[in-house]
Number of protein chains: 2
Amino acid sequence: MAEPLPDLIEELVSDTSSDDPAAILTTLAGQDDVYIATLLESLPVERRLAIWEGIPRDRKLDVLVEMRSDPREILIDRTPHNEWAAIFSDIEAEDLLELLDSLPNRLVDVAYAELDAQQQVFFREATQFGDAEVGHWVSHELLVLPLNAKVREGLRLIRRNVPSHCDTIFLVNRSGQFSAAVRLTRVFGAPEHLPLVELTEENIPTLKGRDETTSSSLQVQRSGYASLPVVDDSNKLLGRLDITSASELINEFYERQVMASAGMDEDEDLFSPVAKSAKNRALWLGINLLTAFLASWFIGRFEATLQQVVALAVLMPVVASMGGIAGSQTLTLIVRGLALGQVTSANFRALMIKELKVGGVNGVIWALVIGIVAYFWFSDVVLGMVICLAILFNIVAAAVAGVFLPVILDKMKIDPALSGSVILTTVTDIVGFVAFLGLGTLFLL
Amino acid sequence: MAEPLPDLIEELVSDTSSDDPAAILTTLAGQDDVYIATLLESLPVERRLAIWEGIPRDRKLDVLVEMRSDPREILIDRTPHNEWAAIFSDIEAEDLLELLDSLPNRLVDVAYAELDAQQQVFFREATQFGDAEVGHWVSHELLVLPLNAKVREGLRLIRRNVPSHCDTIFLVNRSGQFSAAVRLTRVFGAPEHLPLVELTEENIPTLKGRDETTSSSLQVQRSGYASLPVVDDSNKLLGRLDITSASELINEFYERQVMASAGMDEDEDLFSPVAKSAKNRALWLGINLLTAFLASWFIGRFEATLQQVVALAVLMPVVASMGGIAGSQTLTLIVRGLALGQVTSANFRALMIKELKVGGVNGVIWALVIGIVAYFWFSDVVLGMVICLAILFNIVAAAVAGVFLPVILDKMKIDPALSGSVILTTVTDIVGFVAFLGLGTLFLL
């Protein structure tokens, strides 16, 4: 049984004697590749490199394949050039595709040269698709037979070797076009002379090489099959997308969403070098700074008012943050709906109306609560009424922005998970400040 | 082939004639359950109910099982009581477990009565585990043989029926304890009289009923097996966790994270009734309001300063938001690391140092930029220096909070994905305002 990862990290980080490659080897020998990859990602860079050196060369490729790009690139960077031929000695097209973004060009050439002719074809085929397309992630370990094959040939094929997560034989015609699939379990027990065609599955979904990875992966996940066939535009069988790859692609999709909400990408390394990490995050801080200055500029328009009614300055954060929270709730719901294909132009209007109503209800409730608190705090009825109106207005505006923004960004092919929240908060900040200070100028001066 | 979901939603929402159940039935008959479930979730409530009525009774259960709790509960609520016996007629323990949270008690009783004796045992067994434990989600469609079985018996079992996503036969001893697993592919082609024990897999991981679902699901996903055995504390075989269930559990984990960041749960319905939706979100707005008032209270301590230097009020949002963004970047990274088991007490210190350095670098850069902008904007050197120091201080504090907060919350068994961001922003708001206005009071009055 695998030692729980946290325990092992603890051991390796605290016990300096385990810098000794032999000791590490013993500890890690029984673990799977993902375990080792996760461990390496969890270690500070120097310790990570020390352990990386201790991993046998014939496992290094498999471990690299399982790592995220950022932590992986550090290891690739520090691996002596003369080791690569050994590391790549058993490389296949799928491994190289997985590593593609992390390898410098000269290493891609070294790896490509190690592929056999068939794998080179697979590699070139896959690189014709972008990494957001299914064709890029196709597996070539298949059970394929001609359309006229019999159960006998099916059994022979199965006895020889069944790849993992493969529960169907694909039947292709003479031009290599996908025709049908037969479940392995239907092949056992069937009479040997029966044509496989008589056992085919009805309605097995086929994926196109150009299909988008997340929706295709969800299709694999819910299909009940261990993998689905992937074909090109002329229906030629390219390979299959199996449920493990599908699940990994879905995991990546979600990680991208989670990390994007803070302006980072899913490959961010826990222990990336400080310079790199600071640079990755600086852009997001910079964009945010522009929006913050924009909000400040609007506040600056009301300097005279603020000077006379300091209570407005004290309460500004309340107005801004209630709008920000209400808006981000709507935004999050709509972004998820868009990602799952549930939000479309057809139900957009109905969604807008519902979110407006929710915003209205919460707007009224919280506007009253805040108005009353402000009244008692500053003993000023008009101030209470001003903040009450500003909050109501901002929460309703937040609902509108929360529905419209992601849909518009999506239409502009901008990921709403990434930029949605920063734009939304800018809108709610500015609307909130202007409404609050504007009303204050009208009624309190 | 399935019509793309958005097109169908478009059609159903815009074309009122499709209220006719017969037309809907024709459109949906060829679609799988997840497709229909997703479609129902995408429709406004009245339209959703109209279509729900048109779905044949024998499919209703399967569709319900695939839906999220919130949208599902609306349908359950509006289904006439006399329909339930028919809907539940083929129910199994797993379906009932999936629906458990959504069904009123009286319907749980109706459904339980429809389970056969064996399924009732499975149901009671599973409910002894919480829904964050693997034991709750175990599948009972298994291939099981006694430890002394031969290949012949294995082949007989396989020919009878192989459940989907099942690639191993489990061998158990006389007390029903799990002993070993044999891959189906090793059974074909092996001599009929060979004991299965000689073909067993080495090192197949077993899951415990009490194991946490997300980490166990990741283990299934990376195991290379279509499912892993699940045992109880005395090693008795409870069932298996297959890769589809594992993937769904992982999807739910990620959705929980995404939705939690806005204070919602993953079952939130796109079209839940306004009252329910407003109520769900009100709590989060209320918590946030308390923190906003807290920040206001701190600002209020500096009323006298604000009155004299209005520029401070104008620039407050800049200080707060830079801290908030920097902190949420660190927080997001650490929360993900915790969820994946990569952040532990062992590497905590190293992480803290790295995040402090990143915060220091970005803090210095942005503090200078903002200081210079503020100087030119308000032609005030001291103001520039004050905001410069406040920004630096707040970004560094944000890094500390971003690392400590999630780890502390995690230790307290509070989900850091849910409460982390609201606490973090409170910290960065207050630290930012106090540092900025405090320094302003010291140097600008």
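This is a predicted model: local features need pLDDT of at least 70, side-chain atom pairs count only at pLDDT 80 or more; totals for chains, interfaces and linings use all residues.
Reader: What makes Glu355(B) and Arg281(A) a salt bridge?

Author: Their side chains meet with N and O 2.8 Å apart. The cut-off is within 4 Å, for a nitrogen of Lys or Arg and a carboxyl oxygen of Asp or Glu, so the pair qualifies. Side chains of opposite charge can pair when their charged atoms come close.

Reader: How many salt bridges are there between chain B and chain A?

Author: The count between these two chains is 6. Over all chains, the count comes to 40.

Reader: What do the two chains bury between them, and how many residues take part?

Author: About 9800 Å² is buried between chain B and chain A, with 67% of that on carbon and sulfur atoms. Each chain brings 110 residues to the contact. The rule also finds 33 residue pairs in polar contact across this interface, both residues being at pLDDT 80 or more. On the chain B side, the residues divide into 61 nonpolar, 32 polar and 17 charged.

Reader: Which helix gives the most to the nonpolar patch on chain A?

Author: That is α18(A), with 5 residues. The patch lies on the surface, has about 1000 Å² of accessible area together, and includes Tyr375(A) and Phe443(A). Tyr375(A) has its place in helix α18. Helices α19 and α20 of chain A also give two or more residues.

Technical notes
Residues are numbered from 1 along each chain as its sequence is written. Chains are lettered from A and ligands numbered from 1 in the order in which they are written. Side-chain values use heavy atoms; hydrogens and water are left out. Contact means heavy atoms within 4.5 Å. Buried area is the accessible area (1.4 Å probe) that two parts lose on being put together, summed over both. A polar contact is a pair of N or O atoms within 3.5 Å; within protein, one must be able to donate a hydrogen and the other to accept it, and residues adjacent in sequence count only if both atoms are side-chain atoms. Ala, Val, Leu, Ile, Met, Phe, Trp, Tyr, Cys and Pro count as nonpolar, Asp, Glu, Lys and Arg as charged, and the others, Gly among them, as polar. Patches are made of residues with over 30% relative accessible area and no salt bridge: like charges are joined within 9 Å, nonpolar side chains (Val, Leu, Ile, Met, Phe, Trp, Tyr) within 5 Å. Accessible areas come from the Shrake-Rupley method with a 1.4 Å probe; for residues, only the protein chains shown count as cover. Helices (H or I, at least four residues) and strands (E, at least two) are DSSP runs, numbered from the N terminus.
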